[in-house]
Amino acid sequence: MTRVIIVDDQHTIREFLKINLTNQLDIQIVGLAESGSEAIAQIKEHQPDIVLMDIEMPGELDGIAATKLITQS
């Protein structure tokens, strides 16, 4: 089973992706995050196989900055 975390600052997008991916038999949504910092915490906790990361998010950690930090650790 592929473990996935969805990261997007828009609730509607997170829920849309969650609903559509949940219908796939081999995908398990293990976390939802609305910011880069929340994504990092979720990734440490759940150790997903895939992170679907929004690039443009408000705050210090947009998707690109968060991804850099995640891949460096």
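## Surface and confidence

Accessible areas here come from the Shrake-Rupley method with a 1.4 Å probe. On that basis, the protein exposes about 4800 Å², and carbon and sulfur atoms supply 53% of this area. Please keep in mind as you look around that this is a predicted model.

How confident is the predictor? The mean pLDDT of the protein is 95, and 100% of its residues reach 70 or more. Confidence is highest in strand E1, residues 2-7, at a mean of 98, and lowest in helix H3, residues 63-72, where the mean is 94.

## The overall fold

The protein has three helices and three strands. If you follow the chain from the N terminus, the elements come in the order β-α-β-α-β-α.

Next comes the overall shape. A compact globule of 73 residues would have a radius of gyration near 11 Å, and the protein agrees with that, because its own value is 12 Å. Along the principal axes, the C-alpha atoms fill a box of roughly 35 × 25 × 15 Å.

## Inside, contacts and charges

What share of the 73 residues is buried? Buried residues account for 29% of them. The contacts tell another part of the story: among those between residues at least 6 apart in sequence, 60% join residues at least 24 apart.

The charged side chains can be counted too. There are 5 positive and 12 negative ones in the protein, and the centres of these two sets lie 6 Å apart.

## The start of the chain

Met-1 sits in the segment before E1. Is Met-1 buried or exposed? Met-1 is exposed, because its relative accessible area is 62% and the cut-off for exposed is over 50%.

Even so, Met-1 has neighbours from elsewhere in the chain. Leaving aside residues up to four places away in sequence, Met-1 touches Leu-25, Asp-26, Ile-27, Gln-28 and Asp-49. One of these, Ile-27, is 26 residues from Met-1 along the chain, and their C-alpha atoms are separated by 5.7 Å.

Thr-22 belongs to helix H1, which covers residues 11-22. Thr-22 counts as partly exposed because its relative accessibility is 46%.

With 48% relative accessibility, Ser-37 counts as partly exposed. From Ser-37 to Glu-60 there are 23 residues in sequence, with 8.7 Å in space between the C-alpha atoms.

Gln-42 is also found in helix H2. Why does Gln-42 count as buried? Its relative accessible area is 17%, and buried means under 20%, so Gln-42 is buried. Beyond residues up to four places away in sequence, Gln-42 touches Ile-5, Val-30, Gly-31, Leu-32, Ala-33 and Gln-47.

Gln-47 counts as exposed, because its relative accessibility is 55%. The backbone is worth a look here as well: phi of Gln-47 is near 50°, a positive value in a residue other than glycine. Most residues other than glycine have a negative phi.

## The loop between E3 and H3

Ile-55 is found in the loop between E3 and H3. Which residues does Ile-55 touch, not counting those up to four places away in sequence? They are Asp-62, Gly-63 and Ile-64. Ile-55 and Thr-67 are twelve residues apart along the chain, and 9.1 Å separates their C-alpha atoms.

Terms used
Residues numbered from 1 in each chain as written. Predicted model: local features only at pLDDT ≥ 70, side-chain atom pairs only at ≥ 80, totals over all residues. Heavy atoms only, no water. Helix = DSSP H or I, 4+ residues; strand = E, 2+ residues; numbered from the N terminus. Rg over C-alpha atoms; globule rule 2.2 N^0.38 Å. Buried < 20%, exposed > 50% of the residue type's maximum accessible area, 1.4 Å probe, protein only. Contact = heavy atoms within 4.5 Å. Lys, Arg positive; Asp, Glu negative; His and termini not counted. Charge placed at Lys NZ, Arg CZ, Asp CG, Glu CD. pLDDT = per-residue confidence, 0-100.
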